[in-house]
Amino acid sequence: MKVSTQVVALRGDVFDSNCPSRAVLDHVTRKWAVLVLVALRPGSLRFSALRRRIGGVSEKMLAQTLRTLEGDGFVARAVAPTTPPQVSYSLTAPGVELTEHLFGLLEFLNDRIGDIAPG
């Protein structure tokens, strides 16, 4: 007798206020989260390099954002066994997929800033 190991993917509904996808939407659409995800697009970065890449982010906000994105499964944290420990961050597979969409948004904003700049 063959046992099926098929996994059924759940689908969220961000328009339903009770759906957990609403909280994740809030996490990934925050300014610092978008910038962190897109900054990690080329590859892994250490905390200090990530902070330098994202102008204006405080250490506290960057740490909080990274913890949230790691908890949601979009960012992976790796600790190298050195003294002191070297911590780097990279995108997970879902993070890479999400970042493709966010990168398009940032490209649109960069390309069209002359037409859409706040008055």
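**Group meeting: contacts in a predicted model**

Glu100 is partly exposed, with a relative accessible area of 42%, and I begin with this residue because its side chain meets that of Arg41 in a salt bridge, at 3.3 Å from N to O. Before I go further, please keep in mind that what we are looking at is a predicted model, and that the values I quote are computed from it.

Let me stay with that pair for a moment. Glu100 lies in helix H5, whereas Arg41 lies in the loop between H2 and strand E1, which covers 45-46, so the pair ties together parts that are 59 residues apart in sequence. Arg41 counts as partly exposed, at 35% relative accessibility. Arg41 also lies over the face of Phe103, at 3.7 Å from the ring centre. What does a search of the whole structure find in the way of aromatic pairs? The number of aromatic pairs found is zero.

Arg112 forms another with Asp115, where the closest N and O atoms are 2.8 Å apart. Because Arg112 and Asp115 are three residues apart in helix H5, about one helical turn separates them. Arg112 is partly exposed, at 38% relative accessibility, but Asp115 has a relative accessible area of 58%, and since the cut-off for exposed is over 50%, Asp115 is placed in the exposed class.

Leu105, Phe108, Leu109, Ile113 and Ile116 make a nonpolar surface patch of about 420 Å². Ile116, one of these residues, has its place in helix H5, which runs over residues 93-116, and with a relative accessible area of 37% Ile116 is partly exposed.

Which residues have the most contacts inside the largest nonpolar core? That core has 23 residues, and the ones with the most contacts inside it are Val36, Leu37, Leu50, Leu69 and Val75. The elements that give two or more residues to this core are helix H2 (31-39), helix H4 (59-71), strand E3 (86-91) and H5. Among the contributors, H2 gives the most, with seven residues.

Lastly, a word on the segment before helix H1, which spans 20-28, where Asp13 lies. Asp13 is partly exposed, with a relative accessible area of 38%. How far apart are the C-alpha atoms of Asp13 and Lys60? These two residues are 47 residues apart along the chain, and their C-alpha atoms are separated by 31 Å.

To return to where I started, Glu100 in helix H5 and Arg41 in the loop between H2 and strand E1 form a tie across 59 residues of sequence, and Arg41 is also the residue that lies over the face of Phe103. Thank you, and I am happy to take questions.

How values were computed
Residues numbered from 1 in each chain as written. Predicted model: local features only at pLDDT ≥ 70, side-chain atom pairs only at ≥ 80, totals over all residues. Heavy atoms only, no water. Patch = residues over 30% accessible without salt bridge, like charges linked within 9 Å, V, L, I, M, F, W, Y side chains within 5 Å. Areas by Shrake-Rupley, 256 points an atom, 1.4 Å probe, with all protein chains shown as cover. Salt bridge = Lys/Arg side-chain N within 4 Å of Asp/Glu carboxyl O. Helix = DSSP H or I, 4+ residues; strand = E, 2+ residues; numbered from the N terminus. Buried < 20%, exposed > 50% of the residue type's maximum accessible area, 1.4 Å probe, protein only. Phe/Tyr/Trp six-rings, centres within 6.5 Å; stacked < 30°, edge-to-face > 60°. Lys NZ or Arg CZ within 6 Å of the ring centre and 35° of its normal. Core = buried A, V, L, I, M, F, W, Y, C linked by side-chain atoms within 4.5 Å.
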